[in-house]
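Have the viewer open as you read.

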Amino acid sequence: MAKSLLIISRQSPWSGPGAREALDIVLAGGAFDLPIGLLFLDDGVFQLAARQDAKSLQQKDLSANLQALPMFGVEALFFCADSAAERGLDPGALSLEEAGPLTAGEITALIDRYDQVITL
Amino acid sequence: MSTLHVLSHSPFGDSRLSSCLRIIGAADALLLSGDAAYALQPGTVPFATLQTRGLKLYVLAEDAQARAIDVPDWARAIDYPAFVELSIQHDKVNTWL
């Protein structure tokens with residue numbers, strides 16, 4: 001049995017390559033059927049904001065890649081409810097419907113459940 | 001299950017420490033390396049927060065020494081072999097990159 005891996009993504013989508021790299025790890029792991037989970041924490045929850053539009057930045061936003069996660073077999077998708085609330089994000093209007101909100105205590109338990117953790 | 005959380009960024013102007021303290025578990029430990037050692041600067045919010053939390057708290061001795069940080073008695077200054085030992089003792093290491 002492959003070791004399970006939890007990726008904690010805590011960078012905003014436009015602050016640098018961190019958010020995309022975290023997502024790439026998750027999609028690659030999913031493609032190889034690894035037991036993999038993804039948690040959005042801190043500014044990482046901004047990746048889930050609906051109606052992002054980076055056309056004028058001449059960049060592609062991550063929304064389409066995020067929608068691919070369930071297709072790649074990544075169904076363990078979570079976000080920190082406190083991070084979202086602090087940043088004024090409505091948990092019911094995020095771009096990734098599959099992601100579930102977790103409290104701080106639930107995040108502690110989530111980390112416990114996985115064999116390995118990478119925080120980017 | 002226990003996790004060793006490793007921080008290496010300054011807590012001033014960065015949310016890694018506060019976020020880590022929010023989700024750290026009772027069996028977990030926290031190691032401060034590099035600029036994260038500034039969390040032990042007396043008279044600051046991070047210092048007071050860590051003092052009252054009573055965590056299993058470690059700091060790399062050479063990083064504290066280089067930054068003129070006196071390690072308080074509620075934290076343990078360790079060297080690299082002890083860092084390796086801690087990594088082995090815990091089920092996993094979560095490095096806050």
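## The nonpolar core

The largest nonpolar core has 55 residues, and Leu39(A), Phe79(A), Leu32(B), Ala37(B) and Val59(B) touch the most other members. A core here is a set of buried Ala, Val, Leu, Ile, Met, Phe, Trp, Tyr and Cys residues joined through C-beta atoms within 7 Å. A residue is buried if 20 or more other C-beta atoms lie within 10 Å of its own, exposed if 12 or fewer, and partly exposed in between, with C-beta atoms placed from the backbone.

This is a predicted model, where local features need pLDDT of at least 70 and side-chain atom pairs count only at pLDDT 80 or more, while totals for chains, interfaces and linings use all residues. Residues are numbered from 1 along each chain as its sequence is written, and chains are lettered from A and ligands numbered from 1 in the order in which they are written.

Take Ala37(B): leaving aside neighbours within four places in sequence, Ala37(B) is in contact with Leu32(B), Val59(B), Asp63(B), Ala64(B), Arg67(B) and Ile69(B). Contact means that the C-beta atoms, placed from the backbone, lie within 7 Å.

## Strand β3 of chain A

Helices (H or I, at least four residues) and strands (E, at least two) are DSSP runs, numbered from the N terminus. In chain A, 4 of the 5 residues of β3 (residues 76–80) are buried, so this strand is largely enclosed by the rest of the structure.

Strand β2 (residues 36–40) of chain A runs parallel to β3(A), joined by 4 bridges; strands count as paired if DSSP finds at least two bridges between them. Leu39(A) has Phe78(A) as its bridge partner in β3(A), and Phe78(A) in turn has Gly100(A) as its partner in β4(A).

## The sheet of chain B

Chain B has an open sheet of 5 strands in the order β4-β3-β2-β1-β5, with parallel pairing. At the edges stand β4 (76–78) and β5 of chain B, each with a single partner strand, so one side of each is left without a neighbour in the sheet.

Further in, 4 bridges join β1 (residues 3–7) to β2 (residues 29–32) of chain B, and Val6(B) has Leu31(B) as its bridge partner in β2(B).

## Where the chains meet

How many residues does the contact take from chain B and from chain A? The contact takes 12 residues from each of the two chains, B and A. On chain B, α1 (16–23) and β5 (92–95) each supply at least two residues of the side that touches chain A.
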